[in-house]
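Morning, everyone. Please look at the screen, and I will walk you through it.

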Amino acid sequence: MEHVLVLAQQEVVRVDPDRLQALYLQLGDSGAEDVLCRAMEEVAVRLSHTERLYRQDRMGDMRKSARSLVAIADQIGMNALARVSTDVTRCIDVGDPVALAATLARLLRVGERSLTAVWDLQDITV
């Protein structure tokens, strides 16, 4: 085997600008930025926690962690992250370890890209 092809997985994510605008209108600049910063921190922590629970084969706790990502992602307009978090919980529910491994890998990619997308919006006025 002389040629090994590495496939780079790219996830396109976008933060819902309408959701962010509603957050800023509801809470004001300072309040929305506070919620956004806390939510981003919580997303990062939950992603890491979800992956750790997977490695420890703690599926019940992993499901709870993935479900909590859905609510946090919805709150700040990370629609792709919310969708993939839901897919992870479905894979756990149906007991499909192959689909779970693939979907968890996607969750981590989407989570990283979603955090970057929100971080990049920092200098943009909503």
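Let me start with a question: which backbone oxygen does the side chain of Thr-116 reach? The side chain of Thr-116 reaches the backbone oxygen of Glu-112, at 3.0 Å. That is a polar contact, a pair of N or O atoms within 3.5 Å; within protein, one must be able to donate a hydrogen and the other to accept it, and residues adjacent in sequence count only if both atoms are side-chain atoms.

Some ground rules. This is a predicted model, where local features need pLDDT of at least 70 and side-chain atom pairs count only at pLDDT 80 or more, while totals for chains, interfaces and linings use all residues. Residues are numbered from 1 along each chain as its sequence is written, and side-chain values use heavy atoms, with hydrogens and water left out.

Now the overall picture. The protein has 4 helices and 0 strands. Helices here are DSSP runs of H or I with at least four residues, strands are runs of E with at least two, and both are numbered from the N terminus. Along the sequence, the pattern reads α-α-α-α. The C-alpha trace spans about 55 × 40 × 20 Å along its principal axes. The protein has 126 residues, and 37% of them count as buried. Buried means under 20% relative accessible area, exposed means over 50%, and partly exposed lies in between, with a 1.4 Å probe and protein chains only. Next, contacts, which are heavy atoms within 4.5 Å. Take the contacts with a separation of 6 or more: 63% of them come from residues 24 or more positions apart.

Back to Thr-116. This residue is found in helix 4. Thr-116 counts as partly exposed, because its relative accessibility is 36%.

Next, the loop between helix 1 (17–55) and helix 2, where Asp-57 is found. Asp-57 has a phi near 60°, a positive value in a residue other than glycine. Most residues other than glycine have a negative phi. Is Asp-57 buried or exposed? Asp-57 is exposed, since its relative accessible area is 59%.

On to helix 2, residues 59–75, where Ser-65 lies. Ser-65 counts as buried, at 4% relative accessibility. Leaving out residues up to four places away in sequence, Ser-65 touches Arg-46, His-49, Thr-50 and Leu-53.

How do helix 2 and helix 3 pack? Their axes are 8 Å apart, at an angle of about 160°. So helix 2 is roughly antiparallel to helix 3. Axes are lines fitted to C-alpha atoms, for helices over the stretch in contact, and angles run from 0 to 180 degrees between N-to-C directions. Under 35 degrees counts as roughly parallel, over 145 as roughly antiparallel, 65 to 115 as roughly perpendicular, and the rest as oblique. Helix 2 passes helix 3 in a left-handed crossing. Left-handed means that the near helix is turned anticlockwise from the far one by less than a right angle; right-handed means clockwise. Helix 2 contributes residues including Met-62, Ala-66 and Val-70, and helix 3 contributes residues including Leu-81, Ser-85 and Ile-92. The contact residues divide into 10 nonpolar, 3 polar and 4 charged. Nonpolar covers Ala, Val, Leu, Ile, Met, Phe, Trp, Tyr, Cys and Pro; charged covers Asp, Glu, Lys and Arg; the others, Gly among them, are polar.

Between those two helices is a loop, and Met-78 sits in it. Met-78 is buried, with a relative accessible area of 2%. Setting aside residues up to four places away in sequence, Met-78 touches Val-43, Ala-73, Ser-114, Leu-115 and Val-118. Met-78 and Arg-19 are 59 residues apart in sequence, and 9.0 Å apart from C-alpha to C-alpha.

Last pair. Helix 3 (residues 79–94) and helix 4 (residues 97–120) have axes that come within 9 Å and cross at roughly 160°. That makes helix 3 roughly antiparallel to helix 4. This crossing of helix 3 and helix 4 is left-handed. Its contact residues divide into 11 nonpolar, 4 polar and 2 charged.

Ser-85 is buried, with a relative accessible area of 0%. The side chain of Ser-85 reaches the backbone oxygen of Leu-81 at 2.8 Å. Apart from neighbours within four places in sequence, Ser-85 is in contact with Ala-66, Leu-69, Val-70 and Leu-107.
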